[in-house]
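The sequence and structure are shown first, and the description follows.

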Amino acid sequence: MSDRQSEPILLPLSTRPEPYPPAVRQRLELDAKEIIARYPHPRSALLPLLHLVQSQDGYVTGTGIEFCAAQLGLTGAEVTAVATFYSMYRRTPTGDYHVGVCTNTLCAVLGGDAILADLTEHLGVAPGETTADGAVTLEHIECNAACDYAPVVMVNWEFFDNQTPESARALVDALRSGDQVRPSRGAPLCTFRETARILAGFRDERPGVLDGEAGAATLAGFEVARERGMNAPRPDAPRPDSEESR
Ligand code: FES
């Protein structure tokens with residue numbers, strides 16, 4: 001073994017994150033207390049607390065992880081393990097609008113891949129990056145169970161159904177212009193940080209937040225079943241392959 005090979009390899013350790021300023025920490029602690037009180041065990045509040053720190057920072061920072069750990073009596077490693085498992089927790093700074101293009105199978109073949117490619121070119125950013133004005137973070141996302149409206153785009157987790165490259169371009173242009181934008185169902189969009197606060201469990205005060213209902217594509221199977229007089233079996237009915245039904 002050469003001298004060079006026997007030299008120890010030193011890995012730099014990351015520095016401890018800066019704590020929140022006292023006024024911010026005090027406000028977040030009050031919010032955290034309210035959230036934690038909703039659960040029988042403090043650690044059960046980790047998911048909403050991660051949304052809470054995301055509403056402060058725009059993503060889950062080292063400071064946010066330490067805050068959550070301190071509030072819940074967990075280690076930073078335990079909080080990090082959860083924060084890095086779920087894709088709704090962002091690990092890099094996020095713009096005012098997180099624009100997610102579904103590229104799972106059904107959306108992809110119906111145009112999702114084309115939409116993502118088109119937006120990448122139109123915005124001049126790759127998936128995962130944010131436009132220079134801080135307005136839009138582009139991302140590809142997994143299926144969000146709206147396949148009946150494929151291809152879908154989600155902005156701050158609100159659905160925009162049956163998109164095309166043209167409609168998606170118009171959507172991001174409107175977001176960057178500061179226009180009020182309404183998703184296919186529900187209230188007008190709010191910013192990513194405001195959305196994160198709602199996801200932390202605080203009241204959504206937007207007018208029209210409960211507007212919207214299941215559309216024709218979602219109800220198509222139900223309508224067919226109704227026309228044909230089909231009913232779901234009663235829960236206590238014998239299974240078709242059981243002795244009882246023979
Ligand atoms: S495949 Fe896109 S919502 Fe299901």
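## Salt bridges and surface features

Arg234 and Asp236 form a salt bridge, their closest N and O atoms lying 2.8 Å apart; the term denotes a side-chain nitrogen of Lys or Arg within 4 Å of a carboxyl oxygen of Asp or Glu. Both Arg234 and Asp236 are exposed, where exposed means over 50% relative accessible area, buried under 20%, and partly exposed in between (1.4 Å probe, protein chains only). The model is predicted, so local features need pLDDT of at least 70 and side-chain atom pairs count only at pLDDT 80 or more, while totals for chains, interfaces and linings use all residues. Residues are numbered from 1 along each chain as its sequence is written, and side-chain values use heavy atoms, with hydrogens and water left out.

| Pair | N to O distance |
|---|---|
| Arg234 and Asp236 | 2.8 Å |
| Arg90 and Glu139 | 2.8 Å |
| Arg176 and Asp133 | 3.0 Å |

The salt bridge between Arg90 and Glu139 links distant parts of the chain, 49 residues apart: Arg90 is in the loop between H5 and E1, and Glu139 is in strand E2 (residues 136-141). Helices (H or I, at least four residues) and strands (E, at least two) are DSSP runs, numbered from the N terminus. Both Arg90 and Glu139 are buried.

The side chains of Arg176 and Asp133 also meet in a salt bridge. This pair again joins distant parts of the chain, with Arg176 in helix H7 (residues 165-177) and Asp133 in the loop between helix H6 (105-123) and E2, 43 residues apart. Arg176 counts as partly exposed because its relative accessibility is 35%; Asp133 is likewise partly exposed, at 45%. Elsewhere, a network of salt bridges links Glu158, Asp204 and Arg206.

On the surface, Leu47, Phe85 and Tyr86 make up a nonpolar patch with about 320 Å² of accessible area together. Patches consist of residues with over 30% relative accessible area and no salt bridge, like charges being joined within 9 Å and nonpolar side chains (Val, Leu, Ile, Met, Phe, Trp, Tyr) within 5 Å. Accessible areas come from the Shrake-Rupley method with a 1.4 Å probe; for residues, only the protein chains shown count as cover. Phe85 is situated in the loop between helix H5 (76-83) and strand E1 (97-102), and Phe85 counts as exposed because its relative accessibility is 62%.

Asp31, in helix H2 (residues 22-36), is buried because its relative accessible area is 10%. Beyond its neighbours within four places in sequence, Asp31 is in contact (heavy atoms within 4.5 Å) with Leu52, Arg197 and Phe202.
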